[in-house]
Amino acid sequence: MRVAVLYIGIDRYLQFWESFFVSMENNFLTDCEKVYYVFTDALHVKYEDDLKVNRINVKNQGWPYNTLLRYEMFMQKEQEISGFDYAFFFNANMFCVKKVTKEMILPEKEDLVVVKHSWFYNRDARDFIYERNPESTACIEMGRGKVYAIGAVFGGRADKFAEMSRVLAANVQDDLSRNIIAIWHDESHLNKYILDYNTNVRYLSPAFMYPEDAVLDFERIIVARDKNKYFDVKEFKSWEISREEYNTNRRTARKYRYYFDILAKWELKEERVNKLKAFLNDRNCKKAALYGFGDLGKIIMNDLKQCGLESIIIIDSNRNLKVPDYACVLPEDRLDGIDLIIVSVIDDYFKILEKFQDSWNTEIICMDDLAKDL
């Protein structure tokens with residue numbers, strides 16, 4: 001039985017490769033023939049003289065493209081991958097700590113294999129951070145989906161893996177052609193695919209992508225090493241974005257770091273919907289408006305929908321924005337009867353406040369301050 005192992009080690013992420021390879025050789029499907037495909041910008045990788053290790057040179061395209069465009073990278077070796085029995089992708093910082101047998105990880109009657117995300121395996125589907133932008137090919141509407149899969153470990157029958165990669169590479173390019181990047185990049189597209197394109201999927205527990213410092217009710221099988229112990233991830237990503245555009249050139253490295261700080265602060269907030277509901281009730285808020293419908297706006301919108309408000313209006317400068325079941329207005333439009341406006345465009349909050357607070361004549365709060373108050 002032949003298994004292709006796909007690995008992306010670009011720039012500082014390549015430092016994990018040697019220990020990853022050793023752990024896989026010692027523990028992962030040891031009775032199978034494994035061939036490794038290392039996609040990297042490096043001119044040399046450890047063990048490449050071994051016939052089972054193939055180095056494929058790719059360009060360092062910066063964050064988030066090095067991860068978003070992974071399916072396109074896989075397509076460089078589509079024909080070879082399709083010739084294997086099975087194919088699996090692993091994030092750079094994975095480390096296999098326990099023997100993994102065929103019975104534990106290979107699909108039985110299924111085509112694909114994914115791992116349940118450790119943050120969401122026991123959460124209500126309403127908390128899942130699917131892409132909600134209806135313009136994106138990765139969009140999953142509210143009410144759909146029962147599992148949130150992590151993008152760090154997935155695989156399956158090689159021909160089905162290649163087929164999925166081909167579809168998702170095209171979907172990502174479709175989005176990019178319209179200046180859209182899914183909220184969680186390649187992971188958002190993966191979740192869309194397993195929901196829409198192929199329901200014949202084996203779901204593994206978070207034991208197969210166990211965060212290094214987490215305490216979960218599973219044994220550790222494949223551990224995700226904490227990248228922050230090896231390099232400053234935030235600094236690294238902001239350095240990349242200052243070189244490689246992320247949708248537009250307007251975002252600076254500082255704004256991008258700030259954006260992800262707020263996103264993490266909000267996503268990791270315990271019982272955030274109940275706390276948000278209590279916050280709104282304390283203000284006797286029945287009608288709310290959300291300024292900005294980007295990534296942060298979509299996330300808070302999903303929470304607002306669960307708070308029992310009489311109405312929610314979306315304020316956005318995009319004249320063509322349409323969100324089913326919700327009114328979309330421009331910032332300069334007249335707003336009547338709104339009890340609270342939440343601004344998700346955090347980097348321009350004070351400019352927005354200065355420009356519109358007199359005409360809006362209601363309480364205005366930034367998502368950053370809201371996260372602190374909950």
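Hi everyone, thanks for coming. Since the structure is a prediction, please take every number today as computed from that model.

Let's start with where we are. Phenylalanine 84 sits in the loop that runs between helix H4, residues 78–82, and strand S4, residues 86–90.

What does it touch, then, once we leave out residues up to four places away in sequence? The list is Arg2, Val3, Ala4, Val35, Tyr37 and Ala158. Take valine 35 from that list: it is 49 residues from phenylalanine 84 in sequence, yet the C-alpha atoms are 9.2 Å apart.

One is arginine 2, whose charged end sits over the phenylalanine 84 ring, 4.2 Å from the ring centre.

The other is tyrosine 37. The model holds 28 aromatic pairs. In the pair formed by tyrosine 37 and phenylalanine 84, the ring centres are 6.1 Å apart and the planes meet at 85°, so this one is edge-to-face. It ties together distant parts of the chain, with tyrosine 37 in strand S2, residues 33–40, and phenylalanine 84 in the loop between H4 and S4, 47 residues away. Tyrosine 37 is also buried, at 4% relative accessibility.

That brings us to S2 itself. How many of its 8 residues are buried? The count is 7, so to speak a mostly covered strand. On one pairing, S2 runs parallel to strand S1, residues 2–8, with 7 bridges joining them. Within that pairing, valine 3 has lysine 34 as its bridge partner.

Before I stop, a quick look at other aromatic residues. Ring pairs link Tyr7, Trp17, Phe20, Phe21, Phe28, Tyr36, Tyr47, Phe88 and Phe90 into a cluster. One of these, tyrosine 47, has a charge over its ring: the charged end of lysine 46, 5.8 Å from the centre.

Thanks, and I'm happy to chat.

Key. Residues are numbered from 1 along each chain as its sequence is written. This is a predicted model: local features need pLDDT of at least 70, side-chain atom pairs count only at pLDDT 80 or more; totals for chains, interfaces and linings use all residues. Side-chain values use heavy atoms; hydrogens and water are left out. Helices (H or I, at least four residues) and strands (E, at least two) are DSSP runs, numbered from the N terminus. Contact means heavy atoms within 4.5 Å. Rings of Phe, Tyr and Trp (its six-membered ring) pair if their centres lie within 6.5 Å; planes under 30 degrees apart count as stacked, over 60 as edge-to-face and the rest as tilted. Buried means under 20% relative accessible area, exposed over 50%, partly exposed in between (1.4 Å probe, protein chains only). A charge sits over a ring if NZ of Lys or CZ of Arg is within 6 Å of the ring centre and within 35 degrees of the ring normal. Two strands pair if DSSP finds at least two bridges between them.
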